[in-house]
Each structure stands twice: as C-alpha cells, then as structure tokens.
Amino acid sequence: DPGDPGDPGDPGDAGRTESLAPVWIVADGAHTADSAKAAFATLRETTLLFQSGDGGDAKKKEKNNASPALAVVIAMASDKNHVEVMRAVSKAEPAFVFCAETLVSGGTARAAPATALCDAFELAAEAAKTKTASALGGKKKNLSNSDAKTRVFVIPELERAMAEAVDAVRGRGGGVVCVTGSLNVVARAEAWANQSGGAAKSS
C-alpha cells in the first residue's frame, strides 16, 4: 500500500502526516574517508543539540524516548573511494540513505552513478553488520528486510533526493538531513533549501 507510512519503498508518505515536524538540513563537502569521519562526528553533536532543543516536538521526542532521525543524501565523483566514505556513513547509523548524482567539474563524465554508491554503502554496511534494505528510484526492490536499520534509496536527481529525504525525516518526527559527497552538492543543497523555504547549514 503506497500510503502506508511503514512501507520502506516510499520514504515520503509518512512525512505528509507530520508536515510541521522540524528538519535540519546540513550540507558538508566531505568526499574522502577522513573528511567523512570528521563530518559525521560533528553531525552526531548536531543531532544531540537538536534533541535537546525546546518546543513541542522536542518534548514529544523526550517523552517517547526517541532520537532524531538522520537521513544522508550523497553524491560523489567517480574517482573517490566510495566504500571507505560509506563506512563513515554507515557508522553514523542513518535511518535513510539517498544515493544521488551530481555534476563534477561542470559535467557528468566523472559523476559516480547513484547505483554504484548504493552498492558501496551495502558493502560497507555488510562489513559493519548493519541491516539494510534497498530501493531503486524510490520503488520497492528487494525490501524483504522489514527490520532493516538503514533504508537505502537510489534517486539520481539530487533535488528530488533531498526532497524525499526531508519527507522521510519528517515522517519519523523530525531530525537531520545531511547532504554530502562533494563540494558541488553543498552549493546545490543551499540553493535548493532557499528555494524550498528552508535553510541549509554548511559545516
């Protein structure tokens, strides 16, 4: 049922029921293993700050003993070590990972396919023994792991991936969307957030 908030094949459905849930968008140009580790260490502090904030949603989270949801939107160049970067992403234990694509040096020749990033995350997660479920283009695909810790989506269009990530996090009651993988995605995330009426924080 495409309207079922628990359906991992459609991350955005649940978000439409809690459209006012707060979502922070954090953009970071990390594209190496070391920079990704540093970015997600900072991100952990960000999510703790988010959880300790005041307001109705934060109090509701505290009452339900729930942590802010984390979604990662990632697009990278083809010549980077995707698996090592994805190890850092996997260790952050995101609820959602959206694999997208971005321009590199003004073109697409060096852009890593979103499917390649999905494969890299699954390799990294397998090494870390993290349960995952994958979807192509937001559609159901091999989603038998209903108890998966991280749900992975392949959505090549970066702006659509960001929109889906925001909806997915809202569906979990709010949290953080981290857009990362290259310097190009930082500029695109900021432009998209401004056009969408939100704000992206660069780290």
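I began with the pair H5 (residues 158-171) and H6 (residues 183-195), whose axes come within 10 Å and cross at roughly 60°; the axes are lines fitted to C-alpha atoms over the stretch in contact, with angles run from 0 to 180 degrees between N-to-C directions. That angle makes H5 oblique to H6, since angles under 35 degrees count as roughly parallel, over 145 as roughly antiparallel, 65 to 115 as roughly perpendicular and the rest as oblique. I then looked up the contact (heavy atoms within 4.5 Å), and found Leu158, Glu159, Met162, Ala163 and Val166 on H5 against Val185, Arg188, Ala189 and Trp192 on H6.

I noted that this is a predicted model, in which local features need pLDDT of at least 70 and side-chain atom pairs pLDDT 80 or more, while totals for chains, interfaces and linings use all residues. Residues are numbered from 1 along each chain as its sequence is written, and side-chain values use heavy atoms, without hydrogens and water.

Next I turned to helix H4 (residues 114-127), which has 14 residues and reaches 20 Å from its first C-alpha to its last, close to the 20 Å expected at 1.5 Å a residue, that is, 1.5 Å times one less than the number of residues. Its buried residues (under 20% relative accessible area, with a 1.4 Å probe and protein chains only) are Ala114, Leu117, Cys118, Ala120, Phe121, Ala124 and Ala125. They lie on the same side of H4, because they cover an arc of only 160° around the axis, taken from the directions from the axis to the C-beta atoms.

Last, I looked up Val152 in strand S6 (residues 150-157), which is buried with a relative accessible area of 0%. The C-alpha atoms of Val152 and Val72 are separated by 9.5 Å, although these residues are 80 residues apart along the chain. Helices (H or I, at least four residues) and strands (E, at least two) are DSSP runs, numbered from the N terminus.

Terms used:
Buried means under 20% relative accessible area, exposed over 50%, partly exposed in between (1.4 Å probe, protein chains only).
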